[in-house]
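I opened my notebook to work through one chain, from its outline down to single residues. Here is what I had on screen.

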Amino acid sequence: MPKADAPRFDEAFRADLRALFRWRRDVRHFRRDPLPEGLLERLLELANLAPSVGLSQPWRFVLVEDPARRAAIRADFARCNAAALAGQAEERAGLYAGLKLAGLEEAPCHLALFAEGDPTQGHGLGRETMPETVAYSAVMALHTLWLAARAEGVGLGWVSILDPAAVRRVLDVPGDWLFIGYLCLGWPEAEEASPELERLGWEKRRPIAERLLRR
């Protein structure tokens, strides 16, 4: 098979890529107008290029369009979020209560992401000692989708305050699928230069020097 000519990424591209990383946001505030026809499919095609252990491609996306299923997801979020609020320390409970932690009402597009627990594709390569790499691979697909969406001006919010078993029941998926997250996609209400959790005082991003060990 002839080798394809590899693309060359110049400094202008690298600068744009750095900007893309810096401007990726976990979006909670969406406009309600729908995405253009075909855009979601293009984004998922790019997500499908993500790396995966043993080339297993264990990610499974579920496009949630049924109003009753969406309502059930919102109800589960409300239950889980109330429990999370009750578990907050007194000094942080007020701050937590003021956070908008999901765009489930406004976002026009809802995707649930799962990982197949033991996919036959890939023939088990790389999973013998670390079976959790299946879930890691699905997260790689999520991150690829996130960046691809941001490049199109589309916001994505990762909702994790949900009961995985309840989500599997609501969406009627196999019981051995691992729930990775519920994704809201749509046009963001505003573009922000910093993460919302940082702006609201919940947490701040730390420099890489605090996250790097040398041995």
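My entries below go from the whole chain to its strands and then to a few residues.

**Entry 1: ground rules**

I am working with a predicted model, in which local features need pLDDT of at least 70, side-chain atom pairs count only at pLDDT 80 or more, and totals for chains, interfaces and linings use all residues. Residues are numbered from 1 along each chain as its sequence is written, and side-chain values use heavy atoms, with hydrogens and water left out.

**Entry 2: the whole chain**

I looked up the helices and strands first. These are DSSP runs, numbered from the N terminus: helices are H or I with at least four residues, strands are E with at least two. The chain has 7 helices and 4 strands. Along the sequence I read the order α-α-β-α-α-β-α-β-α-β-α.

Next I checked the overall size. The C-alpha atoms fill a box of roughly 60 × 50 × 40 Å along the principal axes. The radius of gyration is taken over C-alpha atoms, and the globule rule is 2.2 Å times the number of residues to the power 0.38. For 215 residues a compact globule would have a value near 17 Å; the chain has 19 Å, which agrees.

Accessible areas come from the Shrake-Rupley method with a 1.4 Å probe; for residues, only the protein chains shown count as cover. The total is about 13300 Å², and 56% of this belongs to carbon and sulfur atoms. A residue is buried under 20% relative accessible area, exposed over 50%, and partly exposed in between (1.4 Å probe, protein chains only). Of the 215 residues, 37% are buried.

I also looked up contacts, meaning heavy atoms within 4.5 Å. Among contacts with a separation of 6 or more, 82% are between residues 24 or more positions apart.

Last came charge. Lys and Arg count as positive and Asp and Glu as negative, while His and the chain ends are not counted. Each charge is placed at NZ of Lys, CZ of Arg, CG of Asp or CD of Glu. I noted 29 positive and 31 negative side chains, with the centres of the two sets 5 Å apart.

**Entry 3: how the strands pair**

Two strands pair if DSSP finds at least two bridges between them. Which strand pairs with S1? Strand S1 (residues 59-63) runs antiparallel to S2, with 5 bridges. Phe61 has Leu113 in S2 as its bridge partner.

S2 (residues 109-115) also pairs with S4, antiparallel, over 7 bridges. Cys109 stands opposite Leu185 in S4, and Ala115 stands opposite Leu178.

S3 (residues 155-159) is joined to S4 by 5 antiparallel bridges. Leu156 has Leu185 as its partner in S4, and Val159 has Tyr182.

**Entry 4: how covered the strands are**

In S2, 7 of the 7 residues are buried, so S2 is largely enclosed by the rest of the structure. In a regular strand the side chains alternate between the two faces of the sheet. From S2, Cys109, Leu111, Leu113 and Ala115 point one way. His110, Ala112 and Phe114 point the other way, and all of these residues are buried.

S3 has 4 of its 5 residues buried, so S3 too is largely enclosed. S4 (residues 178-186) is mostly covered, with 8 of its 9 residues buried.

**Entry 5: Cys184**

Is Cys184 buried or exposed? Cys184 lies in S4 and is buried, at 1% relative accessibility. Beyond residues up to four places away in sequence, Cys184 touches several others, including Phe30, Gly103, Cys109 and Val159. Leu125 is 59 residues from Cys184 along the chain, and their C-alpha atoms are 32 Å apart.

**Entry 6: two positive phi values**

Which residues did I note here? His123 is not a glycine, yet its phi is positive, about 55°. His123 sits in the loop between S2 and helix H5 (133-151). His123 is exposed, at 78% relative accessible area.

Asp172 also has a positive phi, near 55°. Asp172 is in the loop between helix H6 (164-171) and S4. Asp172 is exposed, at 64%.
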